[in-house]
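Let's take a walk through this structure together.

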Amino acid sequence: MYKRQVAFGLKFGVEMKNATSGLYQYASAGVEAAEAMQMLQHTLKLSMAVQGDHNTLSKLTTQTIMGFNMEFSEAEMVTDRFAHAINKSLIEWDDLASSIKFALPFFISTGQSIDQLLGGLQVLTNRALEAGIAGRGLRQALAQFAKHADNNASALSRLGVEIMDSEGNMRALHEIALDAQAAFGDVTDLEALTAMLEDMNVRGATAFALLVQNADEYQEAVVDLGNAAGEATQMADCLLYTSPSPRD
């Protein structure tokens, strides 16, 4: 493993102390040595790609994998999605960590995917919402959706927006946003805004209204995240070949 760290450091200019700091996060989470070796190269590339703290990004990657009940072997997929979300929006690597912390539990409990989460954060941060506020807004919207899931008298249900599918599972958030856009238009009329406030309160309504207003962009972001393979490596390589060598 040490030889791999050295080789990576020589290529990308990453200090060894930053490489080894992430290993503590893996060990704490019970990651086996072989899996840790695989995860390390991907979180190191992400750290280089976004110029972020490797320890923080290793912890975020581990928490996300465990939260969504993924395999540790899926670290590359997760880090590529992180790199894509940061590259395609105004969100910074450290803000991504804080926003995911707020929203992750509710995305997991309502059956949403990592693409739904990251795509939502992309849209909201591009609309001037601070990342932590965006994460809390998404959390509140999903919490209120779950609360009103079986309530046919809810304001959104009365306007024809279905939250649950025929099997009793919450629909994908971008699909709900698309249906709401079809029902509400540009979400500027009083009835639509009142319905959102009734069902989600101010914080959740603010986040969901922005997703509805930009539902097509949200759907595109979700699709693009699903095709983000290799982005962390591409970003790291780009920085490598456009920056001075650490040995110069």
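The paragraphs below go from the overall fold to the core and then to one pair of helices.

Before we start, please keep in mind that this is a predicted model. Begin with the chain as a whole: its secondary structure consists of 13 helices and zero strands.

Next, look at how the chain comes together. Among contacts with a separation of 6 or more, 70% are between residues 24 or more positions apart. Of the 248 residues in the chain, 50% are buried.

Now turn to the inside. In soluble globular proteins, nonpolar side chains tend to be buried together. Here, the largest nonpolar core has 66 residues, and F145 and F208 are the members that touch the most others. Helix α3, which covers residues 33-50, gives this core its largest share, with eight residues.

Finally, find helix α6 (residues 93-109) and helix α7 (residues 114-125). Their axes are 10 Å apart, and the two helices pack at an angle of about 135°. An angle of 65 to 115 degrees would count as roughly perpendicular and one over 145 as roughly antiparallel, so α6 and α7 are oblique to each other. Their crossing is right-handed. Where do the two helices meet? On the α6 side you will find L96, S99, I100, A103, L104 and F107, and these meet Q116, L117, L118 and L121 in α7.

Definitions and conventions
Residues numbered from 1 in each chain as written. Predicted model: local features only at pLDDT ≥ 70, side-chain atom pairs only at ≥ 80, totals over all residues. Heavy atoms only, no water. Core = buried A, V, L, I, M, F, W, Y, C linked by side-chain atoms within 4.5 Å. Buried < 20%, exposed > 50% of the residue type's maximum accessible area, 1.4 Å probe, protein only. Helix = DSSP H or I, 4+ residues; strand = E, 2+ residues; numbered from the N terminus. Contact = heavy atoms within 4.5 Å. Axes fitted to C-alpha atoms, helices over the stretch in contact; angles between N-to-C directions. Parallel < 35°, antiparallel > 145°, perpendicular 65-115°, else oblique. Left-handed = near helix turned anticlockwise from the far one by under 90°.
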